[in-house]
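Please consult the sequence and the three-dimensional view while reading the points below.

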Amino acid sequence: MHSLPQIVPNLEIKLDHLAITQAMFPGRAMDPDWSERVLAIVDAIQPTLTPEAVCQWFEPAELGENELVLRSPQSLRTSTLRMGEHARELAAASMVLCCVATLGEGFDRSLRQLQGSGDMLAGYLADCAGIYGLLQVSRAVYHEVEAVAAENSWGVGRVLCPGAIEGWSLEEQHQLCSLLPIEQCGVSLNEYGVLSPGKSVSFVLGIGPGYEAEQVESPCDICTNTGECWCHC
C-alpha cells in the first residue's frame, strides 16, 4: 500500500454509447435514432480523453462528530476534513484513499467547441458522455481500492465526494485537494472550490476489516443530487 502520491496516467476507459443513451432515458425503451446520435458524439470525443487520477493513502488519526483527521504514514503530518455528520461513514476505516480524477483538458476543449457551434443537442450529448466518462475513471480507481482491500481481507466503504453528500460543502474541496499534487494531472481548483477541467472529481474511500462490502457503492441516501443519477449506469 503506497503512502506517497500515485499518479495514474492514461487510464483505460471506453465510452459505451448504449449505456449513455439508456442513462439519459432511464426506464424507457431505447430509440435507435438517439443511440446513433450518441454514438456519433462518442466517436468524435473519445480521442480527446486523457483520463488521469492522483491518489494517496492516509491513516485515520481521529474521528470527530463532523470531521475526520487524516495522518500521512510517511510524514506523520495531519490534516482535517470537515465532512459534516457523515464523517462517521469512515468510522470503520483502517486506511483512507484520497483521490482526484479527471477526463483532461482535451475533453473540455472539445465540449466548448461543440457548445460554441450552436448545436445545442450535440453539446448536451457530449456533456452526458463526459459525465459517463468521468464515472468510468472513478470506477477504475474503485477497482484498485477493492483489490487492495481484498489483499488484506478487508471490506470497502462508500465513496464520499465534497459537495455531493449532505454536510460536506463544495468549498471544503480545497482541504481535500491540498493533500494531493493535483497539478501533476493537470487539475486546478478555483476560489469557489470548483475543479478544472470541468469533468474532474475528488473523493475519499475507506477500507478496513470493519467494512462488509467487497465493492464500492454510492451513498444514494445521503446524496445532495436531486436530478438525474448516473451512478448505476
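A salt bridge is a side-chain nitrogen of Lys or Arg within 4 Å of a carboxyl oxygen of Asp or Glu. By this rule, E89, R158 and D221 are linked in a network of salt bridges. The structure is a predicted model, in which local features need pLDDT of at least 70 and side-chain atom pairs count only at pLDDT 80 or more, while totals for chains, interfaces and linings use all residues. Residues are numbered from 1 along each chain as its sequence is written, and side-chain values use heavy atoms, with hydrogens and water left out.

**Salt bridges**

- The whole structure contains 6 salt bridges.
- In one of them, R71 pairs with E59, and their closest N and O atoms are 3.2 Å apart. This pair links distant parts of the chain, with R71 in strand β3 and E59 in strand β2, 12 residues apart. Helices (H or I, at least four residues) and strands (E, at least two) are DSSP runs, numbered from the N terminus.
- R71 counts as partly exposed at 28% relative accessibility, and E59 is partly exposed with a relative accessible area of 26%. In these terms, buried means under 20% relative accessible area, exposed means over 50%, and partly exposed lies in between (1.4 Å probe, protein chains only).
- E85 and R88 also meet in a salt bridge, at 3.7 Å from N to O. E85 is partly exposed at 43% relative accessibility, whereas R88 is exposed at 51%.
- A salt bridge joins E105 to R112, with the closest N and O atoms 2.9 Å apart. E105 is partly exposed at 30% relative accessibility, and R112 is partly exposed at 45%.

**Strand pairing**

- Two strands pair if DSSP finds at least two bridges between them.
- Strand β1 (residues 6-8) and β2 run antiparallel and are joined by 3 bridges. Within this pairing, Q6 stands opposite C55 in β2.
- Strands β2 and β5 pair in the antiparallel sense over 7 bridges. The bridge partner of E52 is T102 in β5.
- Strand β2 is also joined to strand β3 (residues 67-71) by 4 bridges, and the two run antiparallel. Here E62 stands opposite V69 in β3.
- A hairpin is formed by β2 and β3, with 3 residues between them.

**Nonpolar cores**

- A nonpolar core is a set of buried Ala, Val, Leu, Ile, Met, Phe, Trp, Tyr and Cys residues joined through side-chain atoms within 4.5 Å.
- The largest such core has 45 residues, and those with the most contacts inside it are L15, I20, M24, V141, V145, F203 and I207. At least two residues of this core come from each of α1 (17-24), α2 (32-45), β2 (52-63), β5 (95-102), α3 (105-116), α4 (120-151) and β9 (200-208). The largest share, 13 residues, is supplied by α4.
- A second, separate core of 26 residues includes F58, I165, L179 and L195.
- In soluble globular proteins, nonpolar side chains tend to be buried together.

**Selected loop positions**

- L49 lies in the loop between α2 and β2, and at 11% relative accessibility L49 counts as buried. Contact means heavy atoms within 4.5 Å; leaving aside neighbours within four places in sequence, L49 is in contact with I13, L15, L103 and F107.
- L49 and E67 are 18 residues apart in sequence, and their C-alpha atoms are 35 Å apart in space.
- E172 is found in the loop between β6 (155-156) and α5 (173-177). At 22% relative accessibility, E172 counts as partly exposed.
- E172 and R82 are 90 residues apart along the chain, while their C-alpha atoms are separated by 6.9 Å.

**Nonpolar surface patch**

- L170, Y192 and V194 make a nonpolar surface patch of about 280 Å². Patches are made of residues with over 30% relative accessible area and no salt bridge, with like charges joined within 9 Å and nonpolar side chains (Val, Leu, Ile, Met, Phe, Trp, Tyr) within 5 Å. Accessible areas come from the Shrake-Rupley method with a 1.4 Å probe; for residues, only the protein chains shown count as cover.
- Y192 sits in the loop between β7 (188-189) and β8 (195-196), and Y192 is exposed, with a relative accessible area of 54%.
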